Amino acid sequence: MGTGAQSMTFFALVLPFLAALAAPALTKAFKHNAAWILALAPAWIFFHFAGFLPEVADGSGVTGGFQWVPSFNVNFSWFLDGLSLTFALLISGIGTFIVLYSGGYLKGHQHQGRFFSFILMFMGAMQGLVVSDSFLMLFVFWELTSITSFLLIGFDHSREASRRAAIQALVVTGLGGLSLLAGLLVIWNITGYSELSLLLLTKDALRESPFYLLALVLVLGGAFTKSAQFPLHFWLPNAMEAPTPVSAYLHSATMVKAGVYLVMRLNPVMGETVAWETILPLFGGATLLVGTLLAVRQTDLKLMLAYTTVASLGLLVMLTGFGSDKAVEAAALYLIAHSLFKGTLFMVAGLIDHEAGSRDITKLGGLRKAMPITFAAALLAALSMGGLPPFTGFLAKEEIYAALGFADGWSGFLTLVAIAGNALMFVIGFAVALKPFLGDMPKSVEKAHEGPILLWAGPAVLSVLGLVLAIFSGVYHHYLSSPMSSAIAGNEIHVHISVIPHMGMPLLLSVVTIAAGIAAYRMIDRSRALMDRILTTIGWGPDQGFDQVIRGLVRVASGVTRVVHNGRLEVYMIVTFILVAIALILPMLVFDELPEMPEFPDLRYYEWAVLVIAVIGLGAVANANDRLTAIVCLGIQGFAVALIFMLLGAPDLSFTQFMVETLSVVILALVMTRLRLSPADHRPPAERFVDISVAGLCGVGFGLLMLKVTQLPFDTTLSEFFNANARVIAHGRNVVNVIIVDFRGLDTLGEIAVVMIAGLAILALIRIRSGKTATHDPEAEKA
Amino acid sequence: MRTVIFRTVAPYLTSLMVLFSIFVLLRGHNEPGGGFIGGLIAASAFAIYGIACGVQAVRRAIRFHPMAISGAGLMMSALSGVFSLPFDVPFLTGIWSQTDLFDLGIVLSTVLFFDVGVYLVVVGAITSIALALEERETL
């Protein structure tokens with residue numbers, strides 16, 4: 001790949017973030033029509049990545065990137081093969097229509113610009129996630145998708161339900177992200193590679209490692225939370241609090257598939273083991289069944305779709321875990337088909353909500369005349385979701401049954417799970433696509449009419465694409481499904497399935513599924529009531545469990561805080577300084593490292609004088625009867641130390657010590673006046689004795705430490721370097737200052753940032769205390 | 001504490017101390033001194049002025065909120081590090097240049113700006129704490 005294409009790909013990765021920056025200004029200028037301009041960004045990215053299709057279809061992966069932190073072998077690098085390219089195309093392609101759809105859906109919303117910004121940022125994160133080659137980049141983008149998803153779910157932040165859903169999603173996927181990071185680090189340690197493209201070449205290194213299971217569990221922790229596998233599925237339906245474009249994009253077509261992407265990506269190096277082929281189908285199958293059963297219970301269009309998304313993710317994980325070439329083909333086909341039909345159906349649900357004012361399936365009906373385009377799109381998507389020919393969903397379903405079959409008990413069991421799941425998804429698909437449009441029109445929706453082009457462009461194109469891809473299955477397989485399946489399986493696979501049904505087991509199972517689906521569709525109201533009764537009887541789910549865990553955590557935290565942080569300043573001080581004394585003295589005693597007592601130096605008379613002043617200052621502190629005196633006496637001792645520095649030839653140090661002493665006396669005195677303590681020190685003698693001994697112990701500890709340090713052999717490399725180079729390199733004679741501002745400038749930058757933040761914090765503390773007086777002093781408040 | 005003598009002397013004392021703090025700041029590269037010490041001197045100057053003549057007088061005199069001064073200083077230090085990037089050397093590497101102005105050889109460097117930033121951060125942060133504490137006392 002030439003450097004031109006290299007920088008273009010880099011630009012494609014950065015572009016969504018640039019667009020996110022520009023979005024608020026553009027929205028201010030063009031209102032909702034800014035969508036037309038903003039959609040150009042994902043559209044361009046789509047065509048840029050589409051340019052790689054021929055190359056990738058020939059079986060060669062494309063890598064590129066830049067060095068990021070060479071010393072840690074961390075790169076900013078990307079890797080395009082069938083899998084990541086398909087994902088990249090789905091993200092940018094569907095993203096284009098989602099941006100348009102958001103333009104129509106949130107038309108006139110006061111924060112529409114912000115919304116565009118968030119969704120474009122998410123797009124950038126997701127795009128980065130799927131094309132990342134280096135582990136750390138993958139992790140950073142993974143976390144970015146969690147954060148942007150948090151912002152989008154909580155977009156309507158004035159509602160409590162949104163806030164709760166946003167936090168829940170962040171907690172669950174954030175925990176998963178940490179687990180993923182740990183997993184990636186384990187893999188990195190086992191194989192020595194931090195790049196996916198190199199990892200894929202290692203063959204059995206991971207599988208044969210004793211830490212395989214650890215790595216697997218950690219990575220799956222990330223994948224299962226992100227892709228909402230049972231029993232961690234609960235955050236996904238709650239995330240439907242987000243505006244519909246978000247549900248369509250993040251929580252069906254793209255983000256929730258990140259976990260599936262990860263599993264597929266690692267299948268060549270981690271798959272085909274007993275653990276893999278047990279855990280994945282088990283969790284996937286359970287998720288499939290639970291998702292579809294819960295979907296039946298719902299009457300809200302979005303929630304019905306959300307639970308079928310959970311189910312579909314389960315199906316994908318199950319297929320990937322099953323591991324045969326056919327299963328991998330099925331997973332690839334189903335993933336693409338699902339993105340198309342589920343994206344469409346979500347946008348349809350949003351359209352109905354937008355135009356008819358309700359998403360409740362029991363309150364909708366007869367919209368077919370009012371919204372013909374929407375109806376057509378919904379129908380096409382439902383046909384694909386139901387697995388009827390000639391749609392992409394049909395290809396996927398045929399391949400699923402071909403893969404599972406009834407070869408042995410295990411696959412037979414999974415086949416039954418798949419049939420049950422698919423039949424129920426068929427029901428939900430048609431319930432969403434038919435119920436709102438057929439039958440009589442309730443009074444409440446009489447004013448409904450077709451939405452603007454911004455809204456129906458997405459569903460129309462995506463649903464038609466679900467048909468076109470299936471009809472031209474040769475092209476589809478050559479460019480998308482075959483390269484993708486090959487990448488997942490790790491060996492070359494050619495997908496052949498076409499829309500013309502062949503007699504055989506798969507077709508038979510398809511017919512069974514559809515028959516079961518039609519039967520269940522006719523009983524949907526009864527089964528909904530039944531499910532409702534069952535769930536009410538159980539009365540507990542992971543969603544409540546989440547609340548219980550969080551409540552417990554808060555309770556434990558506040559319990560600990562009450563004990564440790566009880567508000568008595570004396571206790572804090574005593575505990576802190578006793579610990580300091582122990583930390584200083586104990587190691588020396590235990591390891592017998594006490595310093596030898598040095599000979600008493602031959603002091604000059606003025607040196608004696610300074611020493612005596614310091615001791616007098618200390619005595620005065622210990623004997624002071626009121627607090628102000630004690631503070632000032634502390635200053636005496638401080639000045640004496642500054643004088644010692646001066647005499648020993650450290651003017652900079654002494655200078656600073658003088659200033660610090662002065663200021664601390666001034667500030668301490670000021671604090672005293674604010675705390676309104678009685679000026680007299682009224683500690684009983686016993687308490688005073690304890691305080692003095694703790695202070696004395698700390699002093700002795702530091703003294704011993706300093707003696708020990710000076711007795712150790714002193715490495716002069718650094719001081720020699722600084723002395724030799726301060727003039728030559730840094731043009732300064734004052735070595736101390738040259739070190740501060742030049743040699744170790746970065747440290748200083750950090751320190752002054754700390755100084756400033758500490759200042760801000762102290763200022764805030766003072767303000768809180770003076771809250772009552774602020775009303776008397778408006779000037780102070782302003783300042 | 002507001003005796004007549006103190007109030008009369010304070011403005012002179014403060015201006016001398018601020019002047020001295022700038023002197024200490026600028027000589028810091030070759031002689032004892034530097035941004036940190038200079039900042040401490042200036043901060044104590046403002047604290048003295050505040051005790052003598054009231055917090056409002058100090059706030060008027062320095063025009064900006066001390067915390068804003070601190071922020072500007074931090075920004076200045078950070079930006080002085082960026083200067084080195086176009087020269088293809090690591091962040092915060094000192095860049096030196098000599099200009100002849102009125103036949104005086106004036107040596108300018110990013111290190112100087114960095115040190116001025118340190119000075120401002122210290123002045124701002126400590127002054128704002130001291131002033132906030134004094135505010136109540138003067139009520």
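1. Just past helix α11(A), the residue Ala228(A) has a positive phi of about 50 degrees. This value, like those below, comes from a predicted model.

2. How many of the 15 residues of α11(A) are buried? Eleven are, so the helix is largely enclosed by the rest of the structure. Among them are Ala215(A), Leu216(A), Gly221(A), Gly222(A), Phe224(A) and Lys226(A).

3. Elsewhere in chain A, Leu85(A) sits in helix α5, which runs over residues 82-105. Leu85(A) counts as buried because 27 other C-beta atoms lie within 10 Å, where 20 or more are required. Leaving aside residues up to four places away in sequence, Leu85(A) touches Phe49(A), Phe52(A), Val56(A) and Leu80(A). Leu85(A) and Val131(A) are separated by 46 residues in sequence, yet their C-alpha atoms are 7.5 Å apart in space.

4. Between the chains, 43 residues of chain A are in contact with 44 residues of chain B. On the chain B side, α2 (35-53), α3 (55-62), α4 (66-82) and α5 (110-138) each supply at least two residues. The largest share, 17 residues, comes from α5(B). By class, this side of chain B has 24 nonpolar, 13 polar and seven charged residues.

Note on methods. Residues are numbered from 1 along each chain as its sequence is written. Chains are lettered from A and ligands numbered from 1 in the order in which they are written. This is a predicted model: local features need pLDDT of at least 70, side-chain atom pairs count only at pLDDT 80 or more; totals for chains, interfaces and linings use all residues. Helices (H or I, at least four residues) and strands (E, at least two) are DSSP runs, numbered from the N terminus. A residue is buried if 20 or more other C-beta atoms lie within 10 Å of its own, exposed if 12 or fewer, and partly exposed in between; C-beta atoms are placed from the backbone. Two residues are in contact if their C-beta atoms, placed from the backbone, lie within 7 Å. Ala, Val, Leu, Ile, Met, Phe, Trp, Tyr, Cys and Pro count as nonpolar, Asp, Glu, Lys and Arg as charged, and the others, Gly among them, as polar.
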